[in-house]
Structure formats: C-alpha cells, structure tokens
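Below is a short briefing on one protein chain, grouped by topic. Please read it alongside the sequence and the model.

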Amino acid sequence: MADNFKPCLIADCNGNAHWAAHGGGAAKGYCAAHYFRLRVHGDPLGGGTPRGELLRWIHDVAMHHTGDECLAWPFGTDGHGYGVLKADGKRIGAHRYVCELAHGAPPTQDHEAAHSCGNGNNGCVNQNHVSWKTRTENQADRLEHGTHNRGTRQGRSKLSEDDVREIIALKGIEKQRDLAKRFGVARMTVSSIHTGKNWAWVTTDHAT
C-alpha cells in the first residue's frame, strides 16, 4: 500500500500521488491539484492564463505559422491529447477552431477536422495539416497513420476481426442470441455488427 502514497513529483509539494494510483495512473505522478493544472494549462505549475490568451495565440501565432512542421498546442488538452479552448461560450477542439479559421465553416455539422500529419493526438494545430473530412474519411486517415483504435486494437474488445467476419457470414442463418452466446458478447453487439453500426470496416475489408 505504501506505493500508493508516493509524493507528488513537484518539489516542495506536500500532496501525494495516491490519487493518481486510484485513477489508473492517469495523473502521471502528480497530486490532484497539479494534475488539474496540467490538464487545464498544459503545465503542472501553470495557472492564471490571462483571459483571451488562447484565442490570441491562435490568431497571432497559429494562423501565421506557414511551415510544414507540426505546431503543438501549448495549453491544456483533453484526455486524448487534443488542444481545447472556449470560444463563444462553448468548449471546442483547438484544431477544429483553427480549421474553421483557415478553411471556413464545415460543409456539415458532422464533418470533422482531420489531420494529414497524424499528430492530432499530440496537439498539432498547424492550419495546413487540418481539413474538413467525413468521419469515414477521417477514420481511413487514422488507419493510414496508425493512430486508430478500432477492432482488436481496443483493449476491451472480445472479438477478433475473423470472429466478426464469421458473425456477418452467419447473418440470417443463425440466431443473434446463439451467436452472442457462442462468442461471449451481448446480443446487441451482434445486432450492431449485422446492421453495420459497429465493425463496419470489416464488411468493407471483407468485400475488397
């Protein structure tokens, strides 16, 4: 149990990092307060960022960046590494905000700000690396970049892609409840596969 009460990584901090241990290590060895600052400000010692500083940085720095290299968001990120900010009272991804400034409004509300560099999860906000794409197009990019988290790459997945192909092949031949029992999943999982809601790429891959 002693390992659960290691001191916070910040020198002279009287807190301990046991909160991180209970959170699955997500706090990276910081106490709750310093981890909160890391998440919000991008620095465990950060804080007091002037009002409007994030938007100022985008307009004065990001929108004037013309190089080919990625431009990393220097402020707080979400749990997936993407920069976040507030604009017009709404929380929005920094890369999406930059994409709208650079390329105009998205064609539809469902379009995503996709990265050509594959470094969105590292906070890239280079205006030349983002463009509007459908979710399907964005997922295809992630596959190419190796940043996707689908199918057997998901730690919680019980099914392999071969399992899914078999489930698809048995649609209408074997009852969904029987397939669910055989593969150890919920019947709704089988239903989602049959309707293409989940694992739709396996159908596509299988057909090509």
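Buried means under 20% relative accessible area, exposed means over 50%, and partly exposed lies in between, for a 1.4 Å probe and protein chains only. This is a predicted model, in which local features need pLDDT of at least 70, side-chain atom pairs count only at pLDDT 80 or more, and totals for chains, interfaces and linings use all residues. Residues are numbered from 1 along each chain as its sequence is written, and side-chain values use heavy atoms, with hydrogens and water left out.

**Overall content**
- The chain has nine helices and four strands; helices (H or I, at least four residues) and strands (E, at least two) are DSSP runs numbered from the N terminus.
- Read from the N terminus, the order of elements is α-α-α-β-β-α-β-β-α-α-α-α-α.
- The chain has 208 residues, of which 34% count as buried.
- Of the contacts between residues at least 6 apart in sequence, 47% join residues at least 24 apart; contact means heavy atoms within 4.5 Å.

- In helix α3 (residues 53-60), the buried residues are E53, W57 and I58.
- These residues lie on the same side of α3, because they cover an arc of only 140° around the axis; the arc is that of the directions from the helix axis to the C-beta atoms.
- An α-helix has 3.6 residues a turn, so residues three or four places apart point the same way.
- The packing partners of the buried α3 residues are β1 (84-87) and α4 (94-103).

**Helix α4 and its contact with α3**
- A94, H95, Y97, V98 and C99 are buried in α4, and their cover includes α3, β1, β2, β3 and β4.
- The angle between α3 and α4 is about 40°, and their axes are 11 Å apart; axes are lines fitted to C-alpha atoms, for helices over the stretch in contact, and angles run from 0 to 180 degrees between N-to-C directions.
- That angle makes α3 oblique to α4, where under 35 degrees counts as roughly parallel, over 145 as roughly antiparallel, 65 to 115 as roughly perpendicular and the rest as oblique.
- On the α3 side the contact involves L55, I58 and H59, which meet Y97, V98 and L101 of α4.
- By class, the contact of α3 with α4 has five nonpolar, one polar and no charged residues; Ala, Val, Leu, Ile, Met, Phe, Trp, Tyr, Cys and Pro count as nonpolar, Asp, Glu, Lys and Arg as charged, and the others, Gly among them, as polar.

**Helices α6 and α8**
- Helix α6 (residues 161-169) packs against helix α8 (residues 187-195) at an angle of about 75°, with the axes 9 Å apart.
- α6 and α8 are therefore roughly perpendicular to each other.
- V164, I167 and I168 of α6 make the contact with V190, I193 and H194 of α8.
- The contact of α6 with α8 has, by class, five nonpolar, one polar and no charged residues.

**Loops and backbone angles**
- G120 sits in the loop between β3 (112-115) and β4 (130-133) and is buried, at a relative accessible area of 3%.
- Leaving out residues up to four places away in sequence, G120 touches G81, Y82 and H115.
- G120 and G83 are 37 residues apart along the chain, and their C-alpha atoms are separated by 8.6 Å.
- D88, in the loop between β1 and β2 (90-93), is exposed, with a relative accessible area of 81%.
- Phi of D88 is near 55°, a positive value in a residue other than glycine.
- Most residues other than glycine have a negative phi.
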